[in-house]
Structure formats: C-alpha cells, structure tokens
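Please look through the structure below.

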Amino acid sequence: MKKDSQYMLKCLQLAERGRWTVEPNPMVGCVIVSGGRIVGKGWHQRCGGPHAEAAALEDAGMKARGATLYVSLEPCNHYGKTPPCTEAIIAAGIRKVIIGMPDPNPDVTGNGAQRLRDAGITVIEDVERERCEALNEVYLANALHRRPFVLLKIAQTLDGHVAALKGTSHWITSEESRIEVHRLRSLYDAVLVGAETVRKDNPSLNVRHVQGRNPRRVILTRSWNIPFSAAVFSDDHREQTMVVTSKKSARANGEMIAKLRTRGVRVLDVTTDMMEYASLKSALSLLYEQEGIRSILVEGGPEVFSAFLRARLADRIDIFTAPKVIGQGRTAFSALRPLHLADALRFRVEDVLRIGEDIYTILRPHRED
C-alpha cells in the first residue's frame, strides 16, 4: 500500500502540470508500473487533448502489457472529445488499475471502474483520495453542484476578530500571509466582497507581489451605498468588475447602474432570498452558467461570510490567524446567531501551517454537514 501511495503522489505531480490549460476539465496524472519501475507516464495537457491514461499508454508502448496503471481520476467510459480510456486500457493488456478518486461526472461515476472489472482487470479505488479531491476541488464543485467552487478567506486576530471596533483591518496579518493571499487570488476566476468592504477598505482586489492573472471582481450589494470613485469601478481593470444585486434593488437604483455600465462594469440582478437579499444560490448559478466563473475567493466582510455559511455554500475556509489580541472588534461570522451549541456548523481541519508569524488553517465542511 505504501508503494501505491507513492505512485499516486507521482500521478498528482504530473496532473498539476495541466493547471491553467485543461479547464473546465479536471487535472489528471497517470503512471504505468512494471517490474517495480515506471515504464510510462502522462497527464492531461489541454482541454480536448488526449487524456492522461492515453498519454501514459503511448509512452509505455508494449511495456504496458501485464503492467499496473495508476491514475488520479477514474478512467472515462464514454465518447466525448476523445475515445473511452477504459477501452484503451483493456486493449493495452493492463493487469491492474489503481484509482485515486471516482469521477463525479454522471457520465462516468462508477462506470469506468466497473467496465475494467468486467474485462477481468483488478481495480483498487480510493488511494490517496483526499489528496486527489483537493487537487480537483474546483472540478468537483462544478460537476456536483453546477456552481463555482467557493473559498472563504479570513484574516483574523488570535481572539477571532477581523476588524477593530471602528472597522479598521489594515494590517492584521503578516506580509508573508498577504503574499499568500495574492497567490490564492491568482488561482481563482473571481474574488468576491460585499459593498461594506468596498466602502471601508476601498480594495483593488487584484494580484500584486506574485506573478499571476488578475481575477474578475464581484461586489454584492443591496443598498447601493457604494462610492462611484471606488477602485474597483475606476481603475484600469474596471471592466473586470461585476455587481450582483437583487432585481428589486436594481429597479430602485437605475441611475447608479447606468453610470457604472458606461464604465464597462457589469451589473447582474438575481432573485431574492427570504431576507430580501440577492440569493447567493441564484448568484452563483448565474456566475457559473452565464459568466463562466468556476471558482470564487470570498474576502469579506462578516455579513457575506455569514451568508455563505448560512446557505451552506462554502466549500473551504482558509483562516490566517495573527498572534495579536484586541479584546473587542468584529468577528468573521458575527451575523450568524445560533441559539444552541448543537446548532453550530462543523468543519474538519485539513492542514495547519505556519506562515511568517501567523498560523494558516485550511478547513472544509464536516462531511455529515
């Protein structure tokens, strides 16, 4: 089993090479092992191109016969832009297939593994599954929920505050943490904040300090109490800004919307939820289907963080905790008001790292939630 894990980790290293070029498809890596050594390797290099299994089989050639194939994602068993990988594996004479994770795509789930078993191939599943799922967390959310993957990024003090009583929040965390946040931004299609964050902090929400692409910017508002001079509406990247509001609020703020549209800012109106806020579920669906946004980094503030948790729409939470205590202030989820401890939302800790002077914690919703 230790060897299986080592070979699967090699698959993940190969899969990572497809980042930026395979979207909206998943990143997949594959190695073929015979006689205790790798005789073939491949990865999905571009959308519409050969899958990882096909590339590895071509690399191995005749050495694939009787060998073991490791792949980070269940092989496809249907015709898409490429032929089924299952048939190529069977034709190559592979003896055993070891799979990292099942494919959530309903055209694939379970079918690929079962087709291989039906052909007499030994199949072992779920080797390093959590690592495989983490690599393709965006693809998983897209395939399972037809919406963008959502990460909440929180910078807080040791006593859990994201801002002082007067609302000031610059700078809670270390320079190293801020650089990591910019790296995260470069990985996401969009960064999202509420109107209050725009009013108080006037953020640029772009990528600095690291090499990478600028994400699109999404602003949530109901009141439209947003300064027209805000950086997100006036800088050189203003055409990458979108404002999401309710249909009712859009009708009441036509003049402001018209001004923003002259600057190239997009305004999207969606249905409302029970609290008369723009429905997050509707907003995410619209951003996914209409705007092609597959991943969103949510950067505040407390009302927005709380809304995502209340709607069960957070796939991951990254918390940067600085070794500072301020005693009183605003907390990240202050808008949540459960009456009993039993009503608390639960998360599992995936990783804890030290970054600069801060502690960086990565969490995901508890599987039962």
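Val349, Val352 and Ile359 make a nonpolar surface patch of about 250 Å². Such a patch joins nonpolar side chains (Val, Leu, Ile, Met, Phe, Trp, Tyr) within 5 Å, from residues with over 30% relative accessible area and no salt bridge; areas come from the Shrake-Rupley method with a 1.4 Å probe, and only the protein chains shown count as cover. The model is predicted: local features need pLDDT of at least 70, side-chain atom pairs count only at pLDDT 80 or more, and totals for chains, interfaces and linings use all residues. Residues are numbered from 1 along each chain as its sequence is written, and side-chain values use heavy atoms, without hydrogens and water.

Val352 lies in strand 15 (residues 347-355); strands are DSSP runs of E with at least two residues, and helices are runs of H or I with at least four, numbered from the N terminus. Nine strands form an open sheet of mixed pairing, in the order 11-10-9-8-12-6-13-16-15, where a pair needs at least two DSSP bridges. Strand 11 (266-270) and strand 15 are at the edges with a single partner strand each, so one side of each has no neighbour in the sheet.

The structure holds 22 salt bridges, each a side-chain nitrogen of Lys or Arg within 4 Å of a carboxyl oxygen of Asp or Glu. In one of them, Asp315 meets Arg147 at 2.9 Å, N to O. This pair links parts of the chain 168 residues apart. Arg147 is buried at 8% relative accessible area, where buried means under 20%, exposed over 50% and partly exposed in between (1.4 Å probe, protein chains only). Asp315 is also buried, at 16%.

How values were computed: Patches are made of residues with over 30% relative accessible area and no salt bridge: like charges are joined within 9 Å, nonpolar side chains (Val, Leu, Ile, Met, Phe, Trp, Tyr) within 5 Å.
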